[in-house]
Amino acid sequence: MSFELDDVGGLRIARFGTGPRTIIAVHGITASLMAWGAVARRLPEEWSLVAMDLRGRGHSASLPGPYGLPRHAEDVLRVADHVGAGPDAVLTGHSMGAYVAALAAAERDFARVVLVDGGLPFPPLPQGVDADEAMEATLGPALARLRQTFPTADAYVDFFKAHPAFVGHWNADVEAYVRYDLTGPDGALRSRVAPEAVLQDGRWLRLESEAIAAALTAITSPLSLLRAPRGLLNQDVGMLPDDLALPWAARLPGLRDEVIPDCNHYTILFDDRCVSSIVTHLTAPS
């Protein structure tokens, strides 16, 4: 799907589609705006989707820190202003982007806010485990690739094809997402993601549960949570299992909580059936 590129104070943004109704979409901790390509391609013609490369990622990687999710939320609201997204716009985010979306939605009303496999505070860290160790254990291969170089673009694609989340689920949308992330000279290609951005953002996520909870309770827009039942490595336990999500569904009576069957943390944005469900929630009548 084609898209138009723009720049907002050094942030790379892309508008997919030409419809008058706007969705602002926020990607995850080591991702890019291309994470939303499959969703954008399936939108009804009256909709368009605006996604950005967050500070420290994609073609916004050179933007300086400090990072942290409040900084990203400020950037999201700047992008929303830039594209003229009014109160009829929809805000969504995936993974870390769902937390960013929650912080942004606490500051401004949207037609609806859709959190995709993210956005709920994590339990306190076990005694003796610091935030960096917890992030390393959770993200695994996503962090490993930031330390590696690759001889060719195809080698980088092969690295992703071997990722447990994508085995048996590879398609053109995933490949476009992967190839967009590459930079560097031939023979030493690497991810565009700035490792320090990931470290700072990961620490914030694990240490600022009270700020996340406060943001969720401050949101007045209609709020949905879409969860994948399988995790980042396609394991049987998802990132937001029932014992984490159900207490929040009870605490926030306006929260619509739904598990999308047979998706993992990544394929929820790329698999045809999972994406169709997300599009239905994003574009539902107000």
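This is a short tour of a predicted model, stop by stop. Local features need pLDDT of at least 70 and side-chain atom pairs count only at pLDDT 80 or more, while totals for chains, interfaces and linings use all residues. Residues are numbered from 1 along each chain as its sequence is written, and side-chain values use heavy atoms, with hydrogens and water left out.

**The disulfide**

Select cysteine 263 and cysteine 274, which are joined by a disulfide with an S to S distance of 2.0 Å (a disulfide is a pair of cysteine sulfur atoms within 2.5 Å). Cysteine 263 is in the loop between strand S10 (255–259) and helix H11 (272–282), and cysteine 274 is in helix H11, eleven residues apart. Helices (H or I, at least four residues) and strands (E, at least two) are DSSP runs, numbered from the N terminus. The structure holds one disulfide. The torsion about the S-S bond of cysteine 263 and cysteine 274 is about -110°, so the disulfide is left-handed. Cysteine 263 is buried at a relative accessible area of 0%, and cysteine 274 is buried at 0% as well. Buried means under 20% relative accessible area, exposed over 50%, partly exposed in between (1.4 Å probe, protein chains only).

**Valine 26**

Next select valine 26, in strand S3 (residues 21–26). Valine 26 is buried, with a relative accessible area of 0%. Leaving out residues up to four places away in sequence, valine 26 touches, among others, Trp36, Leu54, Leu91 and His94 (contact means heavy atoms within 4.5 Å).

**Alanine 134 and arginine 206**

Move to alanine 134 in helix H4 (residues 131–139), buried at 9% relative accessibility. Leaving out residues up to four places away in sequence, alanine 134 touches Leu125, Val129 and Arg206. Now select arginine 206 with phenylalanine 122: the charged end of the arginine sits over the ring, 4.9 Å from its centre. The criterion is NZ of Lys or CZ of Arg within 6 Å of the ring centre and within 35 degrees of the ring normal.

**The aromatic cluster**

Finish with Phe150, Tyr156, Phe159, Phe160, Phe166, Trp170, Tyr177, Tyr266 and Phe270, which form one aromatic cluster. Rings of Phe, Tyr and Trp (its six-membered ring) pair if their centres lie within 6.5 Å; planes under 30 degrees apart count as stacked, over 60 as edge-to-face and the rest as tilted. The whole structure has twelve aromatic pairs. Phenylalanine 150 and tyrosine 156 are edge-to-face, 4.8 Å centre to centre with 65° between the planes. Tyrosine 156 and phenylalanine 160 are also edge-to-face, at 5.3 Å and 80°. Both tyrosine 156 and phenylalanine 160 are buried.
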